Amino acid sequence: MGNIKETTDATFQADVLGSDKPVLVDFWAPWCGPCKAVAPILEEIAGTHGEKLTIVKLNTDENPQTAAKYGITSIPTMNVFVGGEVAKTIIGAQPKPRLLRELEAFTG
């Protein structure tokens with residue numbers, strides 16, 4: 001997780017809602033296979049688009065308050081926050097080309 005940092009219920013406000021650039025939050029859990037599959041893709045995207053889009057991970061097992069607040073019922077769910085509001089939701093593991101297309105508005 002060189003380019004991606006962890007956020008928690010306690011730091012979500014500062015890490016995500018208070019950010020001056022778009023933030024993709026990867027809601028995940030250690031036991032989730034598709035979450036593990038998408039992790040290296042997000043790492044690559046963070047490496048190439050980190051100047052325009054911040055990517056953080058939130059472990060839903062350890063941080064149930066934030067997951068519940070945003071109605072996360074299946075993982076992986078990726079929400080892009082802009083100005084403290086959810087601007088886009090991507091549910092499920094996606095191949096890199098599709099994820100890049102989904103995120104074009106925030107990375108282009």
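Reader: Which residue stands opposite Lys-5 in E3?

Author: Val-56 in E3 stands opposite Lys-5. Keep in mind that this is a predicted model.

Reader: What sense of pairing do E1 and E3 have?

Author: Start with the general idea. Strands of a sheet pair through backbone hydrogen bonds, either parallel or antiparallel. Now the case here. E1 and E3 pair in the parallel sense, over 2 bridges.

Reader: In what order do the 5 strands of the open sheet lie?

Author: The order is E1-E3-E2-E4-E5, and the pairing is mixed. Strand E1 (5–6) and E5 are the edge strands, and each pairs on one side only.

Reader: Where does the antiparallel sense come in, and over how many bridges?

Author: Look at E2 and E4, which pair in the antiparallel sense over 5 bridges. One place to check is Val-23, whose bridge partner in E4 is Phe-81.

Reader: And in what sense do E2 and E3 pair?

Author: E2 and E3 pair in the parallel sense, over 6 bridges. Find Trp-28, which stands opposite Asn-59 in E3. Then follow the chain from E2 through H2 to E3: this β-α-β crossover is right-handed.

Reader: Why is E3 described as largely enclosed?

Author: Count its buried residues. A residue is buried when its relative accessible area is under 20%. In E3, 5 of the 6 residues are buried, so the rest of the structure largely encloses this strand.

Reader: Which strands does H2 touch as it packs on the sheet?

Author: H2 touches E2, strand E3 (54–59) and E4. Its direction makes about 155° with that of E3.

Reader: Which strands does H4 touch on the sheet?

Author: H4 packs on the sheet and touches E2, E4 and E5. The direction of H4 makes about 170° with that of E5.

Reader: Which residues of H4 are buried?

Author: Leu-99, Leu-103, Phe-106 and Thr-107 are buried in H4. Seen down the helix axis, the buried residues of H4 fall within an arc of 70°, so they line one face. On the other side, Pro-97, Arg-101, Glu-104 and Ala-105 are exposed.

Reader: What covers the buried residues of H4?

Author: The cover includes strand E2 (23–28), helix H2 (33–49), strand E4 (77–82) and strand E5 (85–91).

Note on methods. Residues are numbered from 1 along each chain as its sequence is written. This is a predicted model: local features need pLDDT of at least 70, side-chain atom pairs count only at pLDDT 80 or more; totals for chains, interfaces and linings use all residues. Side-chain values use heavy atoms; hydrogens and water are left out. Buried means under 20% relative accessible area, exposed over 50%, partly exposed in between (1.4 Å probe, protein chains only). Helices (H or I, at least four residues) and strands (E, at least two) are DSSP runs, numbered from the N terminus. The arc is that of the directions from the helix axis to the C-beta atoms. Contact means heavy atoms within 4.5 Å. Two strands pair if DSSP finds at least two bridges between them. Axes are lines fitted to C-alpha atoms, for helices over the stretch in contact, and angles run from 0 to 180 degrees between N-to-C directions. A crossover is right-handed if, with the strands pointing away from the viewer, the path from the first strand over the helix to the second runs clockwise.
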